[in-house]
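The sequence and the structure come first.

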Amino acid sequence: MSRFWMRGAVAALLAVAVVVVSAGFLATRGTDRPAEGATGAWETVAVDAGPLPTTRDGRSGFVHPGILVSAPQLDFVLGKVRAREEPWHSAWLEVVRSRYADLSWRPEPVATVECGFYSNPDRGCTREAEDAIAAYTHALLWVFTRDGRYAQKSVEILDAWSGALKRHTNSNAPLQAGWSGAMFVRAAELIRHTYQGWAPDRLARAEEMFRTAFLPLVLGELKGYRAGNWGLIMLDAAVGISVFLDDRPSFLKAVETWRLRLRSYVYLSSDGALPKASPDDTYTTQQLVRQWSGQTRFVDGLAQETCRDFLHTGWGLSAAAHVAETAWIQGLDLYAEARERLTAALELHAGFDLGEPVPSWLCGGKLTLGIHPMPEVAYNHYVTRVGQPLPRTEQVIKANRPAGPAFFYAWETLTHAANPR
């Protein structure tokens, strides 16, 4: 048994623990089971399907589908799955065997999603986040199989929530809206631009849900201390919703906020002696150090939550990459702006996950390891598209494939592994 596998197992257990505490995901729907009709999963892939359509809105200029995944990216993956090539084949099997792929899935919408810290109370929080993952999973299954039942199931879930949801409340409302909004809107974008069976009135209702129950929260401020991953996850949802709604002003606002929040989340020596403050707050030196868990020495790639744990740090880095990926599809290269910051963060944290000794000055010499999710999206851009080696990140990713779903991320080995499109 390799140490990489063991570290991956630890990361997975930590992720499960957070899921159970924060949302109870794994306790609510039973054990994993194959999707209905998914026996011999790879044979269900659409062999004779033509390329997915790509359109550009004449008013906003946005490319569709264009939230985290594009039509050329998905066409590339389909070819790899058809050929049963790795790692796409194993990642595909993970999807179709997932409980989220079950065609008997029944959405459980509520009008008010009330989420306190760590989803306590949990009034609709687990329901919403789970249903969002299921909606995106079925949208992907539709794209890859062209089996209309999967598109219909994704539409069923989206319609159920758009017909019920009015608001998110309590202390975790912005984060909950970020988690579920990011996932729901990816499903909605794929269905809207690849499937003809979504009734216009229900589509309009979904637009209204994203416009009123999600966007004001995920584009809002975070006054006072909040874990840095919050703001980046919220912006992941905000950028996606803006593209879905063809809302260019909201997109530009989210991008500009992302630029400020990323530099306050990941440190570079060019920032000065101390990290940058969050765009929502003005901190004294003492307050800023406290926000960084008492850290007083900073190195390139250190994140605001490094001393908390690598799980939440991974959330922040992944959400930042999601924003950059959607922007890339839309013709804006945020990756280039963030290259030094993001690649330094990936390699620094991957190195410790691989067993590099922790210096005494860093987090008191103790780190809670296990970066999660695997940073497939950022890694793919910098290594596959740009050609920049990230050797430590590569080892961690390849030891832990295929990546699974939770909260605001799902199936990224399938969609983004070695994808040049």
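In this predicted model, helix α5 (residues 125-145) and helix α6 (residues 148-162) have axes that come within 7 Å and cross at roughly 155°. An angle over 145 degrees counts as roughly antiparallel, and α5 is therefore roughly antiparallel to α6. The crossing of α5 past α6 is left-handed.

The α5 side of this contact consists of R127, E128, D131, A134, A135, H138, A139, L141, W142 and T145. They meet G148, Y150, A151, K153, S154, I157 and W161 of α6. Sorted by class, the contact of α5 with α6 has nine nonpolar, four polar and four charged residues.

A second pair is formed by helix α12 (residues 310-329) and helix α14 (residues 376-385), which pack at an angle of about 50° with their axes 8 Å apart. The two helices, α12 and α14, are therefore oblique to each other. From α12, the residues A321, H322, E325 and W328 take part, and they meet V377, A378, H381 and R385 from α14. By class, the contact of α12 with α14 has four nonpolar, two polar and two charged residues.

The table sets out the two pairs.

| Helix pair | Angle between axes | Axis distance |
|---|---|---|
| α5 and α6 | roughly 155° | within 7 Å |
| α12 and α14 | about 50° | 8 Å |

Two threonines are described next. T137 is found in helix α5. Its relative accessibility is 0%, so T137 counts as buried. Leaving aside neighbours within four places in sequence, T137 is in contact with V95, Y100, A101 and W411. T137 and R99 are 38 residues apart in sequence, and their C-alpha atoms are 9.7 Å apart in space.

T415 lies in helix α16, which covers residues 412-416. With a relative accessibility of 1%, T415 counts as buried, because buried means under 20%. Not counting residues up to four places away in sequence, T415 touches V69, V77, Y136 and L140.

Which residues, then, surround each threonine? For T137 they include V95 and W411, and for T415 they include V69 and Y136.

Key
Residues are numbered from 1 along each chain as its sequence is written. This is a predicted model: local features need pLDDT of at least 70, side-chain atom pairs count only at pLDDT 80 or more; totals for chains, interfaces and linings use all residues. Side-chain values use heavy atoms; hydrogens and water are left out. Helices (H or I, at least four residues) and strands (E, at least two) are DSSP runs, numbered from the N terminus. Buried means under 20% relative accessible area, exposed over 50%, partly exposed in between (1.4 Å probe, protein chains only). Contact means heavy atoms within 4.5 Å. Axes are lines fitted to C-alpha atoms, for helices over the stretch in contact, and angles run from 0 to 180 degrees between N-to-C directions. Angles under 35 degrees count as roughly parallel, over 145 as roughly antiparallel, 65 to 115 as roughly perpendicular and the rest as oblique. A crossing is left-handed if the near helix is turned anticlockwise from the far one by less than a right angle, and right-handed if clockwise. Ala, Val, Leu, Ile, Met, Phe, Trp, Tyr, Cys and Pro count as nonpolar, Asp, Glu, Lys and Arg as charged, and the others, Gly among them, as polar.
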